[in-house]
Amino acid sequence: MVRFNFLGKFYIHMLYILLAVNTGLQAQYSTFEVTPSFKDDPIAEMLDSLDAVNYLDRSLAKPPFPRYNKYHFSEDSVPRYDEFVYEARLAKLDAQSPFDLQYNPAVKGYIELYTVRKRELVSRIMALSQLYYPIFEQALDRHNMPLELKHLAVIESALNPVAKSRAAACGLWQFMYYTGKMYNLNVTSYVDERSDVYKSTEAACQYLKYLYGLFGDWQMVLAAYNGGPGTVNKAIRRSGGKKTYWEIRPFLQKETQGYAPAFIAANYVMNYTAEHNIYSAIPKKIFFQVDTVAVKQAITFGQLSSVLNMPIDEIQYLNPCYKKNFIPSPPSNGEPYTLCLPSAKIGSFITNEQAIYDYLKRDTVTSKAILASQEQMKTHTVRKGEKITTIANKYRCSVADIKSWNSLKSAYIKPGQKLTIYMPANKSLTQNPISAPIKAVASTTATKPVTTKAAEVVVAGEYKYHILKAGDNLWSISKEYNLTLDELKKMNNFGSYYKLLPGDKIKVGKGG
């Protein structure tokens with residue numbers, strides 16, 4: 001009896017061990033064979049990267065929560081709805097749209113992305129839409145195109161005009177360098193018209209119209225805008241000649257598979273924000289508060305700030321296409337550059353336009369520097385052993401500039417490759433083009449330059465200037481010249497955002 005019990009327990013114990021080992025092997029095998037690598041959705045990943053761009057954060061204030069909101073939500077409430085509610089709301093939008101705004105699980109996923117995970121981003125997008133949507137709508141209406149296309153910029157750039165993708169696409173409508181050139185969007189060292197709201201929107205309308213002429217279906221146009229018309233044509237062939245987006249969707253790359261559902265979700269969210277307890281951030285400016293004016297001569301943001309009495313960061317915010325706080329002279333055979341300003345400042349600019357240009361001429365230091373800043377385009381053929389950093393140093397530009405001008409996804413280059421380079425016409429320019437010639441120019445003025453500390457300080461006209469060197473910051477400069485930080489910022493019209501580069505000049509006192 002004892003022997004039986006002992007053997008019985010032994011066999012049962014061994015059975016448990018065998019079962020455990022088998023289960024472990026099954027789990028290990030299952031893990032090896034079945035477990036996928038969970039990668040984030042490409043569009044969600046893109047929105048994450050844009051969410052981190054401080055352009056959006058510094059420009060917009062958090063919205064105050066409305067005490068009496070339409071649906072009596074609490075401030076921290078995140079509403080979710082049954083599927084038939086989403087379906088009914090989209091059906092209502094679909095009845096008024098040439099797009100196929102259907103509801104399905106893919107669309108639901110993006111609706112929840114916007115209304116749950118990206119609530120704060122949507123709030124900031126709502127604020128920016130008050131500046132940009134009327135511009136989009138005017139252009140779309142002029143081209144007789146669906147107004148719903150304005151939401152395309154939401155999934156392209158989150159309405160960030162300086163957004164750049166990993167593939168070097170840029171602007172609200174995310175144009176690649178060469179696609180932008182095809183639609184007259186110029187990129188130079190000083191200007192990137194892909195970030196010009198008006199010009200890039202016009203280019204987007206022309207490109208979308210061209211794609212509609214190819215495919216005759218707006219959903220297919222969305223896929224072609226994201227993946228390229230060649231990608232869509234390949235998917236049509238692989239599908240056996242199908243001609244609608246949902247039929248060819250399984251044959252598209254992952255990002256393009258999510259593009260139309262993300263667009264449908266953006267249409268939904270921008271129409272039903274209150275139902276999801278999402279409210280607009282406080283916009284810095286709205287469309288009816290700004291206007292544009294043509295600029296006939298080269299001018300710096302610093303000069304505009306001085307004569308119009310407005311912060312440089314506000315000029316930057318309204319004019320994102322000017323990369324170095326400088327508007328070049330209009331090209332001899334092209335249209336003048338435009339300047340966007342608050343409506344209240346437009347009258348001041350027009351009334352005092354000649355005086356502003358005269359002020360520019362009197363400011364000899366800056367005007368001479370501007371003359372040295374005119375550009376020429378050069379084609380550089382990569383030699384054996386050359387690196388992109390070497391080429392950037394040679395032409396006094398950044399690696400990012402070369403990548404942007406040539407639509408390079410990485411810094412890899414190979415011998416024989418031809419690179420487009422923009423460089424100052426004055427080849428002797430070795431520093432920041434706005435401020436580098438200060439020493440030479442100052443010596444030609446009636447006021448003799450006073451230099452100290454290895455020519456870091458220049459007196460020209462009524463002001464004394466400090467020429468920035470590597471490692472300088474406003475705090476250290478304020479201490480050096482016995483100023484408070486606020487005094488230094490006020491003297492140079494610096495707002496909450498400013499950018500300092502080696503070679504720039506800033507005011508540090510009266511010239512005496």
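**View 1. The largest nonpolar core holds 76 residues.** A nonpolar core is a set of buried Ala, Val, Leu, Ile, Met, Phe, Trp, Tyr and Cys residues joined through side-chain atoms within 4.5 Å. Buried means under 20% relative accessible area, exposed means over 50%, and partly exposed lies in between (1.4 Å probe, protein chains only). The residues with the most contacts inside this core are Leu90, Phe136, Leu152, Leu159, Trp173 and Tyr225. Helix H6 (residues 119–142) gives the largest share of the core, 12 residues. Helices (H or I, at least four residues) and strands (E, at least two) are DSSP runs, numbered from the N terminus. This is a predicted model: local features need pLDDT of at least 70, side-chain atom pairs count only at pLDDT 80 or more, and totals for chains, interfaces and linings use all residues. Residues are numbered from 1 along each chain as its sequence is written, and side-chain values use heavy atoms, with hydrogens and water left out.

**View 2. Trp173 and the residues that it touches.** Contact means heavy atoms within 4.5 Å. Leaving aside residues up to four places away in sequence, Trp173 touches Phe136, Leu149, Leu152, Ala153, Glu156, Ser200, Thr201, Ala204 and Tyr225.

**View 3. A second, separate core has 33 residues.** Tyr190, Phe326, Tyr337 and Phe494 are included in this core.

View 4. The structure holds 20 aromatic pairs. Rings of Phe, Tyr and Trp (its six-membered ring) pair if their centres lie within 6.5 Å; planes under 30 degrees apart count as stacked, over 60 as edge-to-face and the rest as tilted. Tyr86 and Tyr268 pair edge-to-face, at 5.7 Å centre to centre with 85° between the planes. This pair links distant parts of the chain, 182 residues apart. Tyr86 lies in helix H4 (residues 83–94), and Tyr268 in helix H14 (residues 259–271). Both residues are buried. One aromatic cluster is formed by Tyr81, Tyr86, Tyr103, Tyr268 and Tyr272.

**View 5. Tyr190 and Phe326 form an edge-to-face pair.** Their ring centres are 5.3 Å apart, and the planes are at 80°. Tyr190 lies in the loop between helix H8 (177–182) and helix H9 (197–215). Phe326 lies in strand S3 (residues 326–327), and the two residues are 136 residues apart. Tyr190 and Phe326 are buried.

**View 6. Arg89 lies in helix H4.** The charged end of Arg89 sits over the ring of Tyr81, 4.2 Å from its centre. A charge sits over a ring if NZ of Lys or CZ of Arg is within 6 Å of the ring centre and within 35 degrees of the ring normal. Arg89 is buried yet has no salt bridge. A salt bridge is a side-chain nitrogen of Lys or Arg within 4 Å of a carboxyl oxygen of Asp or Glu. Lys and Arg count as positive and Asp and Glu as negative; His and the chain ends are not counted. Not counting residues up to four places away in sequence, Arg89 touches Tyr81, Tyr268, Tyr272, Glu275 and His276.

**View 7. Lys284 lies over the face of Tyr317.** Lys284 is 4.9 Å from the ring centre.

**View 8. Phe288 is exposed.** Its relative accessible area is 68%. Phe288 is found in the loop between H14 and strand S1 (290–295). Phe288 and Pro134 are 154 residues apart in sequence but 9.0 Å apart in space, C-alpha to C-alpha.
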